[in-house]
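Subject: Handing over a structure

Hi,

Here is the structure I promised to pass on. Have a look at it first, and then read on for what turned up.

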Amino acid sequence: MTQPHDPWANPGDDVQWQNPAGAYPVTPQPGGQYQVSHVGQESFSMAPLPPVQPYEMAPPRPATITAAAWTWIAGAVLSVAVLPVMLLTNADFFVNGDRVLSEEDRQAGELGLRVMATLFGFAMLVAAAPYVAFAIVLRNGQNWARILLTILGVLGVLSMMAITFIAVGGEVWQPTVTMTIVTTGLTVAALVLQFLPASNRYVR
């Protein structure tokens, strides 16, 4: 018994094929033949990727850059508290001075001093934010961040020197001067660390 003619078959295509389980057809070959490849055969395997050469890998971050970044951050965090500490530790000096004030005036003066200390602390926080941001970028080896940190570091040292001279005129100057000296030392240490030979080889 003859098979019925398929009206949808291509002319001259007399070969029928079946798709067994797990088999996928590919482009038909000349003569109406189909090549069937099973999953897991070599035709489905992906070519191995070429090995990464050592010169193509990013250089490891040196300890000097890591130390410089954390030193910048530590100095920035400490600088935020310098002005509030100077104001609050000398509250009697700034509020009373040589005057005799009533209890209400003294309380109002202390409240104003606390508000001023809060505002100065917020201003120092805003000023310290670029130090932290650029220190994080420095860890990735960006030279422009190192340049900006150098400029900010010089400005920071000058600011700490000015605050030191102001604090010395107060009655309680020891806490503020100690903080300014430590902040200045951290800034200088960070500047040195980011320009050491190991840091120069990493920064690009």
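Before the details, a word on the ground rules. This is a predicted model, where local features need pLDDT of at least 70 and side-chain atom pairs count only at pLDDT 80 or more, while totals for chains, interfaces and linings use all residues. Residues are numbered from 1 along each chain as its sequence is written, and side-chain values use heavy atoms, with hydrogens and water left out.

Now the chain as a whole. Of its 204 residues, 29% are buried (under 20% relative accessible area; exposed is over 50% and partly exposed is in between, with a 1.4 Å probe and protein chains only). If you take the contacts (heavy atoms within 4.5 Å) between residues at least 6 apart in sequence, 65% of them join residues at least 24 apart.

Start with α5 (residues 143–168) and α6 (residues 174–193), which pack at an angle of about 165° with their axes 9 Å apart. Axes are lines fitted to C-alpha atoms, for helices over the stretch in contact, and angles run from 0 to 180 degrees between N-to-C directions. That angle makes α5 roughly antiparallel to α6 (over 145 degrees; under 35 is roughly parallel, 65 to 115 roughly perpendicular and the rest oblique). Their crossing is left-handed, meaning that the near helix is turned anticlockwise from the far one by less than a right angle; clockwise would be right-handed. On the α5 side, the contact is made by L149, T150, G153, V157, M160, I163, T164, A167 and V168, and on the α6 side by T176, V177, T180, T183, T184, T187 and L191. By type, the residues of this contact of α5 with α6 are eight nonpolar, eight polar and no charged.

The contact of α2 with α6 divides into five nonpolar, four polar and no charged residues.

What about α2 and α5? Their angle is about 5°, with axes 11 Å apart, and that makes α2 roughly parallel to α5. V82, L83 and M86 of α2 touch M160, I163, I166 and A167 of α5. The residues of the contact of α2 with α5 are seven nonpolar, no polar and no charged.

**Aromatic pairs**

How many aromatic pairs does a search of the whole structure find? It finds two, where rings of Phe, Tyr and Trp (its six-membered ring) pair if their centres lie within 6.5 Å; planes under 30 degrees apart count as stacked, over 60 as edge-to-face and the rest as tilted. W72 and Y131 form a tilted pair, 6.0 Å centre to centre with 40° between the planes. W72 sits in helix α1 and Y131 in helix α4 (residues 103–138), so this pair ties together parts 59 residues apart in sequence. Both W72 and Y131 are buried. The other pair, F134 and W144, is edge-to-face at 5.9 Å centre to centre, with 80° between the planes. W144 is partly exposed, with a relative accessible area of 45%.

G156 is in helix α5 and counts as buried at 15% relative accessibility.

G170 belongs to the loop between α5 and α6 and, at 14% relative accessibility, is buried. Leaving out residues up to four places away in sequence, G170 touches N90 and F93.

Cheers

Methods
Helix = DSSP H or I, 4+ residues; strand = E, 2+ residues; numbered from the N terminus. Nonpolar A, V, L, I, M, F, W, Y, C, P; charged D, E, K, R; others polar.
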